[in-house]
Amino acid sequence: MSINRRNFLKGAILLPGIPGTGLAAFTSPGNILERAKKFKRVRPGDAQWPSPQKWEALNKAVNGNLVKIESPLAVCNPGTNNASCDEIFRNLKNPYFIGDNPALTQTSGWLDAWASAPSVYAVAAKNAGDVAAAVNFARENNLRVVIKGGGHSYQGTSCSADSLLIWTRAMNKISLLDDFVAQGCKEEPQPAVSVEAGCIWMQVYNAVTTKGGRYVQGGGCATVGVAGLIQSGGFGSFSKNYGMAAASLLEAEVVTADGKILIVNACNHPELFWALKGGGGGSLGVVTKLILKTHQLPEYFGVVFGAVKAKTDTAFLQLISSLIGFYQEKLFNPHWGEQVRFSANNIMNITMLFHGLNQQQAEGVWKSFKDELNPDDYEWISPLMAIALPAQRLWDSNFLKANAPNFIESDNRPDAPGENIFWKSNKDEAGQFLYAYHSAWLPSSLLEKNKQPELAAALFAASRYWTLSLHFNKGLAGAPEDAVAAAGNTATNPEVLNAFALAIIAGEGKPAFAGIDGHEPNIDAARNAATKINNAMNELLKIVPGAGAYVSESNFFQKNWQQAFWGSNYSRLSAAKKKYDPQGLFFVHHGVGSEDWSEDGFTKIQ
């Protein structure tokens, strides 16, 4: 746009489509407030929607990387080949297939909340310059903008109909750095990794660990996007030792709402840097590159897994009590993470990952718990087992295919790289249709001896409605002091610092879309499940009323979401939002500043 228009915007509010009434009337305080409340982004069909010529100009500005999005679900239209539609839905169980298509998201929708819908156009960005051109175009043409890297948002924040998508999937360069010093900072050089925004964690682990022999704190689900996880705070299987992923951020390249490409760190734009560490993706700018701290690799990573069934309700309550006591005594330390699940059928599933121990040591830790279970009351329906492997091989696709094929799935497309693997335990999440999803941080005070019965009773009561899981790696109580301190310097709700676990209660079905015959969500079943899930969380909230929740794994309908996601940090985040995106170009559901907009992000309401 012209320089004159840019100068005009410094002193007035841009209101496309609202007839002028003279400069004095336009700029009077009362009219500015009234017009701001009526501010709407444009949609296709509106008079202000960019012309074909403007779209072609954007295409040239991004070197031909503008994509007119066509949904692969179009083959499911009435009268088309049902076999082709069925093939698409089979592919929706492959997270790599989903990630490589700008029309799709890793979750297909959420009951009574949102449905995955493609943007009109996508800028398939190859660099920060492409992103800046897209941001400028969206701002100057008053478009709803969406950002997608991995596309794993449960809240639907990486898609919106009638929008321009900034798609970073093709930005996937990774570079290991031996002696990194943040720009403009005076600090000791340290090992790090440079990661572009389109990378997923499997790619980064392969580069840093398999090939580089070091560790970077990322996510447990290896097909999650790196940039989104860092901005949400980020937890992985070994966060109880290495801390939050966001706390490892040393520097970021980010495109702000004014189209500027900034290098941000503790010394340059420190408030924006802090806000990116857990303030939520898609709200403050478009992250295009991250520099993350790397760590020395331990000798072993491993897992203990099994499932035990109690023969009576009374025995199951006792089993929960025993597990809590055992966790507090033997597992409440940096070696152990991941989860234990409690189900209505009185089964407890154990999937606990460890680091820094060998197999014999891990087995020794669990021996007392296993020995104390009376076979008259309990049956191991899946034997308790410990497996340790060289830490450098945990994400090594060739090693896993040869030695642990039952734990992984592969990208089954004919031309897929052999390194495209993912954990079999994450397959249910690919394309999922969510019924309900809740999380709550549980304070370590609940592990005190006099509180353990209360915790056990609440877990038991919740399990009568729905399966719940305790994710011990998603609470930093019990972590090393330096990991806790580093997490305290992120925007994540400070409750995480004193939480021993994140409780998650959720349910999902297979990929589903309204209007596609044979693949529509079963609404009655979904609502029935949602009711049970909500009842289960209500039982848990009786002992932790007002508990904080993890922004990436939380209720779409979360009440008091500002407090739940960010606690005392929200006012500081809000100030950063107003400084770097004063007009609210970047919007996501329950993101910083979203309270100023309608639910769909198209209409300014305050």
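Okay, let's start at aspartate 162, which sits in the loop between β5 (145-148) and β6 (164-167). Those labels come from DSSP runs: helices are H or I with at least four residues, strands are E with at least two, and the numbering starts at the N terminus. Aspartate 162 has a positive phi of about 65°, although it is not a glycine. For the cut-offs, buried means under 20% relative accessible area, exposed means over 50%, and partly exposed is in between, with a 1.4 Å probe and protein chains only.

Quick housekeeping. This is a predicted model, where local features need pLDDT of at least 70, side-chain atom pairs count only at pLDDT 80 or more, and totals for chains, interfaces and linings use all residues. Residues are numbered from 1 along each chain as its sequence is written, and side-chain values use heavy atoms, with hydrogens and water left out.

Asparagine 63 also has a positive phi, near 60°, and again that's a residue other than glycine. You'll find asparagine 63 in the loop between α4 (52-61) and β1 (66-68). At 61% relative accessibility, asparagine 63 counts as exposed.

Now zoom out. The chain has 19 helices and 22 strands. Its radius of gyration is 25 Å, close to the 25 Å that the globule rule gives for 606 residues, so the chain is as compact as a globular protein of that length. That radius is taken over C-alpha atoms, and the rule is 2.2 Å times the number of residues to the power 0.38. Along the principal axes, the C-alpha atoms fill a box of roughly 85 × 60 × 50 Å. Of the 606 residues, 57% count as buried. As for contacts, meaning heavy atoms within 4.5 Å, take those between residues at least 6 apart in sequence: 73% of them join residues at least 24 apart.

On to the sheet. Nine strands form an open sheet with mixed pairing, in the order β3-β2-β20-β22-β21-β15-β16-β14-β17. Two strands count as paired if DSSP finds at least two bridges between them. Which strands are at the edges? They are β3 (114-115) and β17 (378-390), and each pairs on one side only. A bit of background: strands of a sheet pair through backbone hydrogen bonds, either parallel or antiparallel.

Let's look at β15, residues 336-342. Six of its seven residues are buried, so this strand is largely enclosed by the rest of the structure. Seven bridges join β15 to β16 (residues 347-355), and the two run antiparallel. Valine 340, for instance, has isoleucine 350 in β16 as its bridge partner. Their hairpin has four residues between the strands, and asparagine 346 there takes a positive phi near 65°. β15 also pairs with β21 (residues 468-471), in the antiparallel sense over four bridges. Glutamine 339 stands opposite histidine 471 in β21.

Last stop, β2 (residues 107-110), joined to β3 by two bridges and running antiparallel to it. Glycine 109 has alanine 115 in β3 as its bridge partner. What is serine 108 in contact with, leaving aside neighbours within four places in sequence? The list includes Trp114, Ala115, Gly431, Phe433, Pro511 and Phe513. Okay, that's my tour!
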